[in-house]
Amino acid sequence: MAIPEQFIDELVARSDIADVVSSYVHLTKKGSNLWGLCPFHSEKTPSFSVSPEKQIYHCFGCGKGGGVISFVMEMENLPFPDAVRLLAQRAGLEVPDTGTDEAGRKKRARALEANRQAARFYYDYLNSPGGQRVRDYIAQRQITHRFAVRFGLGAAPDSWDELTRALTAQGFSKMELIDAGLAVAGKNGGVYDKFRSRLMLPVIDVRGEVVGFTSRILPGEEGAKYLNTPETIVFHKGRLIYALNLAKNTKRPNLVLVEGNIDVITLHQAGFDNVVATMGTALTEEHARILARYTKELVLCYDNDAAGKQSTQRVLNILKNAQLNVRVLQLPNAYDSEGKPLKQDPDDFIKRFGPAAFEKCLNDSAGQNDYRLGDLMSRHDLSQEEGRLAYLKEAVGIVAALQSPIEREIYGNKAAAAAGISGQAFAQEVERFRKNRTWQAKKRQERRDLTPAVRVQPRERELRYDNVRSARAEEGVLRLLLLESALFPSVDGLEPEQFSAPALAKIYGLLRQRHREGRSVQLASLAGELTPEEMSRLVEIMEQPERLSNSGQALRDYIEIIETEALKRGGSAEDPLLAAREKFREKKAYDGG
């Protein structure tokens, strides 16, 4: 049983979109709208707009848009019912008891509870006689009991199904354990534990929920060194940041991003409670947007080997437009007794040199531009003309990408001095590079502008229009119905089947059905029935200009275009579209139109 429509309407009325969005994004009023940096993609210039009048948001950069419920769904990665509950809690409303939970909400709740009970099982097992090997490994890694408890460390038994038997005894079905990523279905029909003979590290989100696990194999065992929970209804590696639930409360002015979970625990134990890590996956733009909610400065501290340096460069490219000041902490080289270089990660460094040395490295961390130029210098022989030219070519691209003229001058002079040329000559190359890039962008835009059919197409490939003329009229019908619901009786003769664009037909059919049933047709209330892509397209349609002074005639004109184009697509004398068109004409004559 769905959440009552009356409650959704009241919730939307009490949840002003400007207030909700401003709790996530800094907004500035310009004209009738509010503007800010988009929380869904990285950008330097605000293209994210909030319309208090229409109660919608729309990013002109990435295209995302919707109403207040859609915004919460996107920001918090929640299904519609959970987003409604979060908004209701914010508004001080109690969601009516619908009698039965939605299947998705129940599945999510069961997965979270299964993970919570699994974390308790692993923790208890660690402290039992069977957990001795894992306790020995924790001691070997020099993790104290206090921090083992703080991070909820546990042990997975060296058994095929001990966790499965324990949780099924608590009432969980085997399918629920598989859905939560705690168990795996075998080829012979049996079910066995996902994690066996491992150090277990629960992954806790910023709300304090155990959403999954990461694990480390014990020395001498075979298998993957690190193993995570698979993607589930609650575990999404691309959105999860390990230990952010703890680091978000730090008093330090930044967050430090490292590669390994053990690195995180070691550094927290050493007094650096601002350290986090991604979940065994590369940093994504989604990670960057989440981190930007909790800090203004991010320090990268990856391993000091070649792979770590490559990862640093790749992450810097992802973070170049993030709403973060980014610095890089380079761990110094370490050597063995024979003078051979050693791989060094933060865990190694702390154990070799102590917290004070790491604090100094943290304070001396380089800005990302200094790091880029320094790394570039290390890869080219500047004593040779060929090396200098190669260095300068890449350095020009790095400096030209900087938005601030002051930054371009500062780092341009540094790059020029390193290569032994004048700052003026380097600046000229940078400006030439920028002008050429601007010219190429202008040409691409001109080509798009000269192709109207392309310009009006949705950016999502799956929503593209086959008949642009009909689709534009279909957009007009949707726009008018959303802006002026009194027009719904005028579309009685127009059927979704007459629409050329399937996505627009779906939206039209949904709006018409909801209106006939007396349900809300506010854009915000559609969030549970449209995909994010469909919602974003609907917002783009609403953002297009429409004169409402003669809305009735405009609607009739749009309908006539849709009917005409529908007939062109294969109408015949017996075609039901002809009957629909004739019915509409009779209605116009009856109305005196």
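Where is the place of H41? H41 sits in the loop between β2 (33-36) and β3 (48-51). This is a predicted model, and confidence comes later in the tour. H41 has a relative accessibility of 17%, so the residue counts as buried. Beyond four places in sequence, H41 touches S47, C59, G61, C62 and R289.

How many disulfides does the model hold? The count comes to zero. C59 is in no disulfide: the nearest cysteine sulfur, that of C38, is 3.6 Å away. A disulfide needs the two sulfur atoms within 2.5 Å. C301 is another case. The closest cysteine sulfur to that of C301 belongs to C361, and because 8.1 Å separates the two, they are too far apart for a bond. C301 is also at 0% relative accessibility, so this residue counts as buried.

Look now at β13 and its neighbours. Strand β13 (residues 255-258) pairs with β14 (residues 275-278) in the parallel sense, over three bridges. Three bridges also join β13 to β15 (residues 297-300), again running parallel. V256 shows both pairings. Its bridge partner in β14 is V275. Its bridge partner in β15 is V299.

Are the faces of β13 covered or uncovered? Both are covered. In a regular strand the side chains alternate between the two faces of the sheet. Here, L255 and L257 lie on one side, V256 and V258 lie on the other, and all four are buried.

V234 has a relative accessible area of 7%, so it is buried. Which residues does V234 contact beyond four places in sequence? They are R108, A111, L112, N115 and V211. A109 can be compared by C-alpha position: V234 and A109 are 125 residues apart along the chain, yet their C-alpha atoms are separated by 9.1 Å.

An α-helix has 3.6 residues a turn, so residues three or four places apart point the same way. The buried residues of α24 include S551, A554, L555, Y558, I559 and I562. E563, E565, A566 and L567 are buried too.

How far does the predictor trust all this? The chain averages a pLDDT of 87, and 92% of the residues score at least 70. Among the elements of the chain, strand β6 (residues 154-156) has the highest mean pLDDT, 98. Helix α25 (residues 576-591) has the lowest, 48. Over residues 586-593 the pLDDT stays under 50. For that stretch the model has four contacts beyond four places in sequence.

Methods
Residues numbered from 1 in each chain as written. Predicted model: local features only at pLDDT ≥ 70, side-chain atom pairs only at ≥ 80, totals over all residues. Heavy atoms only, no water. Pairing = 2+ DSSP bridges. Helix = DSSP H or I, 4+ residues; strand = E, 2+ residues; numbered from the N terminus. Buried < 20%, exposed > 50% of the residue type's maximum accessible area, 1.4 Å probe, protein only. pLDDT = per-residue confidence, 0-100. Contact = heavy atoms within 4.5 Å.
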